Amino acid sequence: MDSAVMEEVLLDVRGLRKSFGAVAATQDVDLTVRAGEIHALIGPNGAGKSTLITQICGEIRPDAGQIHLAGRDVTAMPAYERARRGLGRSFQITQLCLEYTAIENVMLSLTVGPRTIFSIWSDPRRDAKLAGRAQSWLERVGLADRADVPAADMAHGERRQLELAVALAREPRLLLLDEPMAGMGPEESARMTRLLAGMRERYGILLVEHDMDAVFALADRISVLVYGKLIFTGSCDEVRQHPEVRSAYLGDAAC
Ligand SMILES: Nc1ncnc2c1ncn2[C@@H]1O[C@H](COP(=O)(O)OP(=O)(O)OP(=O)(O)O)[C@@H](O)[C@H]1O
């Protein structure tokens with residue numbers, strides 16, 4: 001990848017702070033994600049990872065701090081406006097329409113994407129051009145032959161792949177992935193790891209994940225969050241060697 005592109009900061013979080021009563025869920029967090037980078041965010045349960053993600057998405061307002069998307073201050077913007085400006089998200093809990101087939105789920109996502117004009121009088125599921133575009137997103141996530149399967153009948157790992165296709169169809173530049181490997185067996189997790197590795201050059205990715213094999217296989221940088229504070233940001237090797245990280249999160253067995 002062109003080094004100028006790789007240097008572009010897609011997400012810049014500065015001094016972000018959020019408390020729920022006495023719980024300081026985000027404490028003065030600074031974080032960047034560059035184009036072409038997978039930046040993993042790790043930390044024990046309750047460390048504040050989801051709270052940070054939901055502030056970046058615009059679902060909850062920070063008490064203090066700024067969020068810039070591709071150089072633009074979006075701190076006061078609603079979630080839909082951030083999505084329009086290239087922020088995509090896949091959720092920790094699946095958000096698919098389970099009664100719809102895989103291709104219908106992606107087609108519905110395309111109807112709210114940036115390059116689609118559709119009429120409220122027509123059923124987008126009957127649109128052949130839209131179906132072609134949806135099929136190509138299914139191909140990219142390895143679900144080409146599952147297009148007509150209702151999401152309800154898909155395996156857990158396939159649903160997570162479909163969720164990714166639904167997010168990608170909106171053509172984001174920055175992707176926030178909240179535990180994409182959650183609930184997966186080793187094979188499904190390895191498949192998702194390969195999929196994300198193949199996507200890295202086209203997006204900036206902030207990856208929240210507990211599966212440390214996946215994190216170490218994918219991340220260019222890792223940030224470690226403990227009790228709402230970022231205690232360290234560095235490469236996989238630096239994180240493995242960091243004494244505070246080892247005691248707070250990894251434990252000696254993981255190093
Ligand atoms: N809406 C809320 N109201 C009150 N407290 C909250 C709320 N959301 C989060 N918290 C608290 O903020 C802290 C951070 O929670 P958060 O869910 O962000 O952590 P997490 O790192 O995502 O955890 P996990 O890995 O288990 O998903 C926790 O103490 C949690 O109980």
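Which residue in E5 is the bridge partner of Leu 69? Select Leu 69 and look across: the partner is Arg 72.

This is a predicted model, where local features need pLDDT of at least 70, side-chain atom pairs count only at pLDDT 80 or more, and totals for chains, interfaces and linings use all residues. Residues are numbered from 1 along each chain as its sequence is written.

**The sheet.** Select strand E4 (residues 64–69) and E5; they pair in the antiparallel sense over two bridges. (Strands are DSSP runs of E, at least two residues, and helices are runs of H or I, at least four, numbered from the N terminus; two strands pair if DSSP finds at least two bridges between them.) Now show the open sheet of four strands, in the order E2-E1-E4-E5, with antiparallel pairing. E2 and strand E5 (72–73) are the edge strands, each pairing on one side only.

**The ligand.** Select the surrounding residues, among them Phe 20, Asn 45, Lys 49 and Thr 51. Near means a C-beta atom, placed from the backbone, within 6 Å. Strand E2 (23–34) and helix H2 (49–57) are the elements giving two or more residues to this shell. H2 gives the most, with three residues.

**The domains.** Color domain 1 (1–86 + 174–255) and domain 2 (95–171), as given by the domain assignment, whose bounds are automatic or from a database. At their meeting point, 10 residues of domain 1 are in contact with nine residues of domain 2 (C-beta atoms, placed from the backbone, within 7 Å). On the domain 1 side, select helix H3 (79–84) and helix H7 (186–199), the elements that give two or more residues. H7 supplies the largest share, four residues.

Terms used:
Contact = placed C-beta atoms within 7 Å.
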